[in-house]
Amino acid sequence: MRTGNPALKESTFLDLGTGAVVRRDGDAMTLNGTVHKTAVLLLLSVLTAAFAWSQVQFTADGPVGAGPYLWGGAIGGLVLALVTAFKKEWSPVTAPLYAIVEGFFLGAISAMYNHLYDGIVMQAVLLTFGTMFALLFAYRSGLVRATENFKLGVVAATGGILLVYLATIVLGLFDIRIPMIHESGLVGIGFSLFVVVIAALNLVLDFDFIETGVDAGAPKYMEWYGAFGLMVTLVWLYVEFLRLLAKLRD
């Protein structure tokens, strides 16, 4: 049950008192229920993203109106993600709130990218969902298996990427830039390709995690939690596709 997604981890289905898998045979998590709730979260994020996009204007001095949605969505999404991860029983409320708030962030950043690179957002959306459905088919057909070594490798790579991004943020506070990997040269494009691959492979771990929860008879609210975890990975994958396509355009 290992997963690189910090929202979906090994202890999620375990009772803290006994260490046993939590079961609710009469009202248990189902695959269809998780799919439906994932669709609800995606719809909510699309609606708020469209609103945020419409509020961003562009002048000769740069974008106007993007800041509140960009930073409010990013910080609010992070807070709600942490709350949901630690209080998974609250996920029927916090997961939709996360999708709404994250939609504001996605709408603002998408508007800015699309202003600089016309058509890039539609390309990123198609690549994101194309990747998801391709990996879902590969997972369900057995072409890709979430073995322990596979999980360990993806988790380690995800952790390494997280450390690089944290270092980028911290060094940025002192006006220090990590050379090449965030630029549009071959090294930067190669780094973005690597990150996209790792983000995509996290989808496989998420599928495996959700399937495990269904088989374990996890409580009904875990459908919202599973949908939330999948949403986290899709947001990451979409943003990384934007970054990669922008580097390729440059």
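Which residues make a nonpolar surface patch of about 410 Å²? The patch is formed by Leu162, Leu163, Leu166 and Ile169. To join a patch, residues need over 30% relative accessible area and no salt bridge, with nonpolar side chains (Val, Leu, Ile, Met, Phe, Trp, Tyr) joined within 5 Å and like charges within 9 Å. A salt bridge here is a side-chain nitrogen of Lys or Arg within 4 Å of a carboxyl oxygen of Asp or Glu. Accessible areas come from the Shrake-Rupley method with a 1.4 Å probe, and for residues only the protein chains shown count as cover.

Before going on, please note that this is a predicted model, in which local features need pLDDT of at least 70 and side-chain atom pairs count only at pLDDT 80 or more, while totals for chains, interfaces and linings use all residues. Residues are numbered from 1 along each chain as its sequence is written, and side-chain values use heavy atoms, leaving out hydrogens and water.

Leu163 has a relative accessible area of 59%, so it is exposed. The cut-offs are under 20% for buried and over 50% for exposed, with partly exposed in between.

Now to the inside. The largest nonpolar core has 54 residues, and Ile120 and Leu203 touch the most other members. Such a core is a set of buried Ala, Val, Leu, Ile, Met, Phe, Trp, Tyr and Cys residues joined through side-chain atoms within 4.5 Å. Helix H7 gives the largest share of this core, 17 residues. Leaving aside neighbours within four places in sequence, Ile120 is in contact (heavy atoms within 4.5 Å) with Tyr113, Asn114, Leu242, Leu245, Ala246 and Arg249.

Rings of Phe, Tyr and Trp (its six-membered ring) pair if their centres lie within 6.5 Å; planes under 30 degrees apart count as stacked, over 60 as edge-to-face and the rest as tilted. By this rule there are seven aromatic pairs, and here are two of them.

| Pair | Centres | Planes | Kind |
|---|---|---|---|
| Phe51 and Phe104 | 6.4 Å | 70 degrees | edge-to-face |
| Tyr139 and Phe207 | 6.1 Å | 45 degrees | tilted |

Tyr139 belongs to helix H4 and Phe207 to helix H6, so their pair ties together parts 68 residues apart in sequence. Tyr139 is buried at 11% relative accessible area, and Phe207 is buried at 9%. By contrast, Phe51 is partly exposed at 41%.

Note on methods. Buried < 20%, exposed > 50% of the residue type's maximum accessible area, 1.4 Å probe, protein only. Helix = DSSP H or I, 4+ residues; strand = E, 2+ residues; numbered from the N terminus.
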